[in-house]
Amino acid sequence: MMSGLQSGTAILALLAGVSFGATLGAAADLGGDCCADLEERIAELEATTARKGNRKVTLTVSGWVNEAVFFWDDGVERNVYVGTNSMEQSRVQFVSEAKITDDFSAGYRLELGMNGDPSSGFSQAGPASARSNAISVRHSHWYVKSKTWGKLAVGLNGMATFHLMDDTDITATRNYEDDEGDAVALGAFQLRIDGNFVGTTRWTDIMGGFNNFTPGQNGRRNVVRYDTPEIMGFTGSTAWGEGGVWDAALRYRNKKLGDFDVAAAVGFGLSYEEVAASSSTSQCNRVQFSAEDGCEWWSVGGTIVHTPTGLFLHGGYGQQTVNLTGALAGVDDTSSTWNIQSGIETKLTALGKTTFFGEYRQDDVGVSRRALSSDLQFYALGVVQKIDNAALDFYTVYRHSTGDVTGLQGAPAGTNELDDFDMVVSGARIQF
């Protein structure tokens with residue numbers, strides 16, 4: 001005979017067993033209502049997930065949105081615009097890669113630029129341009145990569161000297177005020193002399209260089225490009241492509257050179273293209289006075305950061321020579337730019353690093369699209385605040401443009417001083 005306590009214990013054990021069995025039975029019943037919520041959630045995830053065409057190739061989606069407010073003053077008129085910052089426009093990038101062997105892999109890069117009203121189209125007439133609310137293809141190429149032999153890519157890609165000076169800037173200023181920043185900020189704004197427009201002449205019409213009006217650098221072209229593997233911090237690149245254009249570059253990076261973080265690069269390129277000066281597709285299309293016989297360019301850039309203090313110095317020099325023919329064969333055919341930037345990058349708050357900087361750029365321009373020569377100066381001051389937890393940067397940059405021009409079409413003869421142009425850009429870039 002069991003006592004009362006023993007009887008109660010046996011009954012509780014029996015009830016627990018029955019309950020456990022029922023729970024198992026319900027869980028095993030995959031066709032019941034218990035899984036409806038789970039199946040609905042899985043369907044939602046499938047509908048919102050980037051899908052791959054096959055399971056052999058990885059897919060990474062990334063990019064950023066970069067929008068800002070632009071305050072400008074040309075000495076007579078002033079206004080405020082809101083739009084996409086063309087310094088580093090909003091974009092989305094798709095990168096895919098598949099492993100072939102332990103040493104070789106293959107993949108592609110597709111990058112699309114997104115514009116609201118792009119700042120490179122801003123003018124006194126307004127913020128809207130032909131590229132407003134447009135999508136552009138920035139990169140579209142496939143590649144084969146080897147740890148031993150390097151990387152070969154074919155398609156729309158950056159040339160070897162693409163952003164050569166800019167990319168040696170290893171501080172936060174790279175995306176908000178690089179070596180091309182002053183020229184990009186001027187957009188389509190017309191210049192003034194003594195308060196008056198000179199026809200439809202823009203600031204960029206009297207500047208040199210065919211990539212964002214900065215001598216010494218090339219852009220994105222349809223090319224075959226080869227990059228060597230890294231050897232003791234050095235990487236070599238060369239590219240050849242449409243219109244008979246070719247260039248090569250050597251880059252160096254050392255993050256731990258004593259107390260310093262160092263980046264440097266040097267590059268050279270040339271184009272054999274012979275086109276009419278009015279062509280908008282020329283590799284050397286910054287001259288409109290006569291036919292061209294190709295051009296050549298070179299540049300060098302570097303940055304050094306004192307890691308313990310965050311103090312940094314960045315500089316670059318670029319030069320381009322347009323081989324003129326005909327009546328202008330003896331005219332100054334060389335344009336150059338040099339740029340120096342200095343500042344400090346330090347952590348004043350737990351949110352992320354703060355970067356303060358100042359910059360000066362000098363352009364000595366030979367024959368351009370509208371003038372025989374130009375002497376231009378650009379000044380900039382700015383601050384960048386990183387928000388690490390949101391991959392977000394807030395920035396404010398002040399720019400001042402000044403100079404003089406000689407032989408400008410439609411202007412009084414000789415050399416004329418340009419009216420100053422000022423701009424303040426304040427915005428944010430959030431990455432994904």
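Which residues of the largest nonpolar core touch the most other members? They are Leu191, Ile193, Ile206, Leu408, Leu418 and Met423, in a core of 34 residues. A nonpolar core here is a set of buried Ala, Val, Leu, Ile, Met, Phe, Trp, Tyr and Cys residues joined through side-chain atoms within 4.5 Å. The model is predicted: local features need pLDDT of at least 70 and side-chain atom pairs count only at pLDDT 80 or more, while totals for chains, interfaces and linings use all residues. Residues are numbered from 1 along each chain as its sequence is written, and side-chain values use heavy atoms, with hydrogens and water left out.

**Chain overview**

- The chain holds 3 helices and 20 strands; these are DSSP runs numbered from the N terminus (helices H or I, at least four residues; strands E, at least two).
- Of its 432 residues, 46% count as buried; buried means under 20% relative accessible area, exposed over 50%, and partly exposed in between (1.4 Å probe, protein chains only).
- Among contacts (heavy atoms within 4.5 Å) with a separation of 6 or more, 62% are between residues 24 or more positions apart.
- The accessible surface is about 20800 Å², and 60% of that belongs to carbon and sulfur atoms; areas come from the Shrake-Rupley method with a 1.4 Å probe, and for residues only the protein chains shown count as cover.

- Leaving aside residues up to four places away in sequence, Ile206 touches Leu191, Thr201, Val365, Ser368, Arg370, Ala371, Ser374, Leu376, Val405, Leu408 and Leu418.
- A second, separate core has 10 residues, including Val223, Cys295, Trp297 and Val322.

**Thr201**

- Thr201 belongs to strand β8 (residues 196-202) and counts as buried, at 1% relative accessibility.
- Its side chain makes a polar contact of 3.1 Å with that of Arg370; such a contact is a pair of N or O atoms within 3.5 Å, where within protein one must be able to donate a hydrogen and the other to accept it, and residues adjacent in sequence count only if both atoms are side-chain atoms.
- Beyond four places in sequence, Thr201 touches Gln190, Leu191, Ile206, Arg370 and Leu408.

**Aromatic pairs and charges over rings**

- The whole structure has 13 aromatic pairs; rings of Phe, Tyr and Trp (its six-membered ring) pair if their centres lie within 6.5 Å, with planes under 30 degrees apart counted as stacked, over 60 as edge-to-face and the rest as tilted.
- Tyr176 and Tyr395 are stacked, with ring centres 4.5 Å apart and planes at 25°.
- Tyr176 lies in the loop between β6 (150-158) and α3, and Tyr395 in strand β18, so this pair ties together parts 219 residues apart in sequence.
- Phe210 and Trp297 form an edge-to-face pair, with centres 5.0 Å apart and planes at 85°.
- Phe210 is in the loop between β8 and β9 (220-227) and Trp297 in strand β13 (residues 292-306), 87 residues apart.
- The charged end of Arg192 sits over the ring of Phe197, 3.9 Å from its centre; this requires NZ of Lys or CZ of Arg within 6 Å of the ring centre and within 35 degrees of the ring normal.

**Positive phi outside glycine**

- Asp194, in the loop between β7 and β8, has a positive phi of about 55° and is exposed at 69% relative accessibility.
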